[in-house]
Amino acid sequence: MEALKVEAQAGKLVSDEVHALREIAQQLGKTDWNPNVDPCIHHSSWITTEKDPRKLYNNTVLCNCSFPGGVCHVDSIDLSRNYLSGTIPPEWASTKLEKLSAIVNRLSGPIPDYLGNITTLKYLALESNMFSGPIPPQLGKLVNLENLILNANNLTGELPPALTSLTKLTEFRIGSNNFTGRIPDFFQNWKQLQELEIQASGFEGSIPPSISSLNNLIELRISDLNGGVSRFPSLRNTKRIELLMLRSCNISGQIPEYLFSNLSELRKIDLSFNRFVGNIPNFASLTRMESMYLTNNSLTGSIPEWIKNLNSRRNLYHPLVGKHYQYSLYINCGGGKTTIGGIDYEADYDQGGAAKYVPVGSNWEVSSTGHFWDTTISSSDYIAHNVSVLRMNDSDLYTTARLTPLSLTYYACRLGNGNYTVKLHFAEIVIRDNSSFYSLGRRLFDVYIQGTRRLKDFDIERNAKGVDKDYVHIFKAITVRDKTLEILFHWAGKGTAAAPKRGTYGPLISAISLKSEFKPPNDRAKKIVIVVGAVVLLLLLVLMIVGALWWKGWLWDRISREEELRGLDLKTRIYTLRQLKAATDNFDAANKFGEGGFGSVYKGILLDGTIIAVK
């Protein structure tokens, strides 16, 4: 790149900064800056025009020409979403920058400690890059810094105590990193802080007490703290607070009553995935309240009337019950009914939303919770649509997908108990893989089945080896014991939230299929078995009754004398005792006509009239 041909004259950029811009362009691979045009005259090569209605890409260099003698200095560089690589050049340290933004790029390596030499800096944003290592303590020298935004990098270690010198901070964001240890208890030095975000940063332990000294807070977001049980921080004096998130912080006890009595400015509350107990407090007095999330706690009691009377959305899950069981289920998440390989996938048309429970049919339900922070979004944005032609097999399953910024739960109901194979179908159809900032998003989320985490920090693109490619994750031997199978997709704050645009994050699922690993019972055969069994039991009962009567001799007493003696027509001289009893009228005394040495002698008459003597 040629040297900028400008001099330190009235309205011109000083030569040192001309050289610095040239070095910055070379090291970052920027080819769209015009070296022959003074950046301080607002030429189009140095400032982003309003051609992009989404205002995503930025390429702006601004000057301050109010210095004595009309000398200009660069005081603002915004290189948001430029797909830049490398690291921050040391030449930046020679400038008098007040604002430096390089969000959503590919900058890597440690955050340079020489950034601490730009003591004029008021705004430093390096969100959604690939910086690693600890935060350099030299940043503590930026005593004029008001905004420090380091979200979505790979930063590690502990926060340096030198940051306590940043007493002018109004915004501090370090979400989605890999820090260690506890959140430092040094917030009492940041009296002017208005926005604090520590989402999924890797910290453990409880929320530090010094949070209570931040009386000017408007937004507080802390989530996904590892480790032991925490108590609710004292926020009685944060009367200006509007946005409050204390999600997945292992907070126990009851929700404080002062949240509705003292904090009248609250608009959004997210206390989900904690250990709160007791009743839901009465938040009806918070007239500015827009959304409240209490998902996955241990709250008890009835649903308050003030919630039932709200006109806004609410999600109250009611499990389906029934007597008829199913043994397979196929859902096209966010899409219409389709047939793939002879299998019919049911439609999942509902648009979803921030708090939505949908009993879609008689056999399954879906529950969606959470709203997209930092962006304006409609209910239609909870369904993703493919932005390019899909060439994989069974593409009908992947042209749409259901999204959630927090949690999405599918309930398969009325299942026969036993083991099932569950297949989850994924395809990344939002983030791109081209050579632009559209490829810089990192979507990470967790998957729980039957309450057990099966996937952690799951990355669709990595597992599918690219975007617009299908990936099916198979889980075997998933046990159903109470007729219901629960699949939860949960965003734990990891990954990017501003690439390619703000609000691009959270779980994405294309289709769900499940099938029993055992042979389902045949209802028709079961009915036949029941009928045959009943007939057999009836026959056995009749035979048992007849046998009992025969054994006691009751059945044969009703047979006539003629029937008993009819057997004597046979030309034999062998008679049964029963026949002899019939011939003598049961050895009636009237037929006795003598007695000998071997007993009495009876007169008998056979059927043919023959008279016999029976001794």
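The entries below follow the cysteines along the chain.

**Basis.** I worked from a predicted model, in which local features need pLDDT of at least 70, side-chain atom pairs count only at pLDDT 80 or more, and totals for chains, interfaces and linings use all residues. Residues are numbered from 1 along each chain as its sequence is written, and side-chain values use heavy atoms, with hydrogens and water left out.

**Search.** I searched the whole structure for disulfides (pairs of cysteine sulfur atoms within 2.5 Å) and found 2. Counting bonded cysteines along the chain, I noted the pattern 1-2, 3-4.

**Cys40 and Cys63.** I found these two joined by a disulfide, S to S 2.1 Å. The pair links distant parts of the chain, 23 residues apart: Cys40 lies in the loop between α1 (15-28) and β1 (60-64), and Cys63 in strand β1. Helices (H or I, at least four residues) and strands (E, at least two) are DSSP runs, numbered from the N terminus.

For accessibility I took buried as under 20% relative accessible area, exposed as over 50%, and partly exposed as in between (1.4 Å probe, protein chains only). Cys40 is buried at 10%, and Cys63 is buried at 18%.

**Cys65 and Cys72.** I found the sulfur atoms of this disulfide 1.9 Å apart. The torsion about the S-S bond of Cys65 and Cys72 is about 110 degrees, so this disulfide is right-handed. Cys65 is partly exposed at 34%, whereas Cys72 is buried at 0%.

**Further cysteines.** I also looked up Cys333, which is buried at 0%, and Cys413, buried at 0%.
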